[in-house]
Amino acid sequence: MALLCRPTGLLLKHSKLLPSAFAATRQCSSGGQYQYILVDKKGEKKNVGFIQLNRPKALNALCDGLMMEVGKALDAFEADSEVGAVVVTGSEKAFAAGADIKEMQNRTFQECYGGNFLAHWNRVSTVKKPVIAAVNGFALGGGCEFAMMCDIIYAGEKAQFGQPEILLGTIPGAGGTQRLTRAVGKSLAMEMVLTGDRISAQEAKQSAFELSLAEGNRLEKRLFHATFATEDRKEGMTAFVEKRKAAFQDN
């Protein structure tokens with residue numbers, strides 16, 4: 001199995017077929033191993049790992065137990081040679097409405113700092129197999145951060161993304177200030193983080209494509225600069241100035 005490494009980003013593909021995917025997840029079975037998620041393998045060859053966040057009454061709020069179970073399921077899929085990719089989804093109403101505020105509200109600075117609070121969430125971003133977020137409804141706060149940890153986001157028409165932590169007197173704590181900037185650009189990321197406003201799937205998609213172009217331009221310029229370290233670049237430009245055919249040596 002080849003390792004697939006993608007730069008973190010919001011690679012949105014707007015899909016009208018997403019509701020059928022949510023319907024399919026209702027058939028998942030956790031096999032009694034999990035309390036907060038449903039886990040299954042999908043596809044004709046059972047080669048797609050499937051994780052459905054399953055706290056409907058809490059709009060899939062990401063409690064510590066849920067994220068521990070997600071990590072456990074991802075570990076199992078990564079070790080399973082039959083699985084080539086993993087899909088993570090929620091419900092039609094909410095992918096995940098955020099971290100579990102009730103669980104967080106009484107934590108102290110000492111507890112958070114000393115215990116490296118939320119560090120285990122990073123497991124999503126370190127899986128060596130492609131992880132795809134199928135998002136409909138709310139992906140807010142920790143839910144938005146969770147989705148951005150995945151390699152690809154497929155968003156339904158009703159998907160909404162946001163980092164509303166400022167409305168709670170805090171800031172994103174699971175990569176939101178870093179990944180969101182790379183996903184939608186500095187200006188929109190600042191607006192979302194500083195106001196708590198949400199954006200639609202279409203707005204996120206447009207911003208992602210705009211950033212892809214900007215990032216591509218920067219990469220192109222770096223690669224262009226790198227050619228100035230090669231003898232062939234020097235020979236090519238010298239030959240042009242001297243009006244002769246270049247004698248490239250592939251170095």
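Leaving aside neighbours within four places in sequence, which residues is R123 in contact with? In this predicted model, R123 is in contact with G71, L74, D75 and E78, where contact means heavy atoms within 4.5 Å. R123 belongs to helix α5 (residues 123–126). Helices are DSSP runs of H or I of at least four residues, numbered from the N terminus. R123 and L74 lie 49 residues apart along the chain, and 8.1 Å separates their C-alpha atoms.

The model is predicted, and local features need pLDDT of at least 70, side-chain atom pairs count only at pLDDT 80 or more, and totals for chains, interfaces and linings use all residues. Residues are numbered from 1 along each chain as its sequence is written, and side-chain values use heavy atoms, with hydrogens and water left out.

Helix packing was examined for α6 and α7. Helix α6 spans residues 142–149 and helix α7 spans residues 176–184. Their axes are 10 Å apart, at an angle of about 60°. Axes are lines fitted to C-alpha atoms, for helices over the stretch in contact, and angles run from 0 to 180 degrees between N-to-C directions. The two helices, α6 and α7, are therefore oblique to each other. Angles under 35 degrees count as roughly parallel, over 145 as roughly antiparallel, 65 to 115 as roughly perpendicular and the rest as oblique. On the α6 side, E145, M148 and M149 take part; they meet G176, R179, L180 and A183 in α7. By class, this contact has four nonpolar, one polar and two charged residues. Ala, Val, Leu, Ile, Met, Phe, Trp, Tyr, Cys and Pro count as nonpolar, Asp, Glu, Lys and Arg as charged, and the others, Gly among them, as polar.

On a 1 Å grid over the protein atoms alone, a cavity is a set of points where a 1.4 Å probe fits but cannot get out; a pocket is an open set with protein on both sides within 12 Å along at least five of seven lines; lining residues have an atom within 4 Å of a point. Grid points are joined across faces, edges and corners, and a volume is the space filled by probe spheres set on the points. The whole structure holds one cavity of 30 Å³ or more. The largest cavity contains about 40 Å³ of space. Its lining includes D64, D100, E103 and W121.

The largest pocket contains about 620 Å³ of space. Of its 27 lining residues, A99, I101, M104, E165 and T170 are the closest to its centre. The lining of the largest pocket comprises 17 nonpolar, seven polar and three charged residues.
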